[in-house]
Amino acid sequence: MATVLDPAGAPPADERRAARGTRATAPGGRRRHLPPLIAISPFYVLFAVFGTFPVVYSLYLSFQDWDGIGDMRFVGLKQYGWLLQDSVFWHSVLNTFEIWFLSTVPMLFLALVLAFLLHSQVRFTSALRVAYFIPNVTSMVAMTIVFGSVFAQAGLANSLLRAIGLDGIGWLSSEWGIKSSVALMIIWRWIGYNALIFLAGLQAIPTEHFEAARVDGANSWQTLFRVVVPQLRPVILFAAITSTINGLQIFTESQVLFQSGDVGTTGGPGQEGMTIVLYLWQKAFKEHQFGYGAAMGWLLFAIIAVFTIINWRLVSGSDRDDRRPGLAGLLRRKGARDGC
């Protein structure tokens with residue numbers, strides 16, 4: 001019997017299905033991807049169980065009133081309404097923003113300067129890289145205890161101030177002393193990590209650019225801000241976003257630094273060290289208001305998302321302007337070529 005072709009001249013559907021089955025089972029077919037997929041499947045299973053499920057469940061929990069033992073009571077959006085009227089929560093938000101500004105902004109600037117100096121340094125480069133990264137892998141709980149003794153009223157910090165004729169500071173008792181203490185710990189922990197990130201970006205810049213800057217008579221600061229910073233914009237964006245995410249989730253520093261009979265739930269005198277995550281921990285795990293804590297976690301997620309978008313637009317905005325067609329983009333590029 002003659003084979004009837006499809007209108008387009010292709011083989012019949014039965015033959016096409018048989019050909020697809022042959023390709024799937026033949027060597028090099030789709031089955032060859034099965035062993036690699038099985039090999040990496042444990043990661044995705046663990047991530048789904050310990051990552052995805054808790055996130056989804058916390059969203060469900062934010063609409064429930066639950067103490068962790070009894071029955072859940074659906075309250076809808078009331079948790080978020082109570083949260084927006086909570087004065088302690090807004091105080092913790094303000095504290096978190098102030099500590100973030102005191103720590104993240106100078107930390108990124110100092111990390112960029114350190115990376116530039118390390119990039120210019122020829123001797124002991126490997127040793128310096130290791131030294132910069134050590135704070136990031138050191139236990140923050142142990143180092144917070146050390147910093148607590150340093151910032152005590154009779155600690156090393158005030159002893160150095162008195163040695164040069166200055167009065168001691170209430171590092172752990174005054175409003176800005178508390179915020180500055182936490183900010184200094186954050187700077188100490190993350191400055192080396194971000195310096196290595198910037199260093200990796202610096203090493204990707206062609207050496208001809210640095211040589212051209214030296215030939216033109218540029219000093220180190222001019223080279224840093226006119227050559228390095230414009231070409232490190234993607235790296236700076238990454239560091240700014242990750243530092244913002246970490247800076248808005250401050251917990252260990254405040255919880256351990258002001259640990260006392262209340263297990264560090266107040267954030268120090270006047271609650272000046274109370275951060276969003278510390279308040280979340282207090283409500284969820286100290287007062288057993290798990291639904292309220294879940295709602296706070298999702299509101300923190302929204303705050304971090306907003307700040308991430310702001311950082312993205314601030315850091316990458318000028319780069320988009322340069323690529324934008326039209327008169328504005330042409331004028332910007334012409335000014336850059338003319339050195340204006």
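Analyst: Happy to! A helix here is a DSSP run of H or I at least four residues long, and helices are numbered from the N terminus. Keep in mind that this is a predicted model.

Let's take α7, which covers residues 156–163. Look for Ala 157, Asn 158 and Leu 161: these residues are buried. They sit on the same side of α7, because they cover an arc of only 90° around its axis. What do they rest against? The buried residues of α7 pack against α6, residues 140–150. Now turn to the face pointing away from that buried side, where Leu 156, Leu 160 and Ala 163 are exposed. Just past the end of α7 comes Gly 165, with a positive phi of about 90°.

The largest pocket holds about 460 Å³ of space. Its lining has 17 residues, with Ser 58, Leu 280, Ala 294, Gly 297 and Trp 298 nearest the centre. Two or more lining residues come from each of α2 (34–61), α13 (276–286) and α14 (290–323), and α14 gives the largest share, eight residues. By type, the lining has 13 nonpolar residues, four polar and no charged.

The second largest pocket has a volume of about 380 Å³. Here α4 contributes the most to the lining, with six residues. This lining divides into 14 nonpolar, three polar and no charged residues.

Technical notes. Residues numbered from 1 in each chain as written. Predicted model: local features only at pLDDT ≥ 70, side-chain atom pairs only at ≥ 80, totals over all residues. Heavy atoms only, no water. Buried < 20%, exposed > 50% of the residue type's maximum accessible area, 1.4 Å probe, protein only. Arc of directions from axis to C-beta. Contact = heavy atoms within 4.5 Å. 1 Å grid on protein atoms, 1.4 Å probe; cavity = no way out; pocket = protein on both sides within 12 Å on 5 of 7 lines; lining within 4 Å. Points joined across faces, edges and corners; volume = space filled by probe spheres on them. Nonpolar A, V, L, I, M, F, W, Y, C, P; charged D, E, K, R; others polar.
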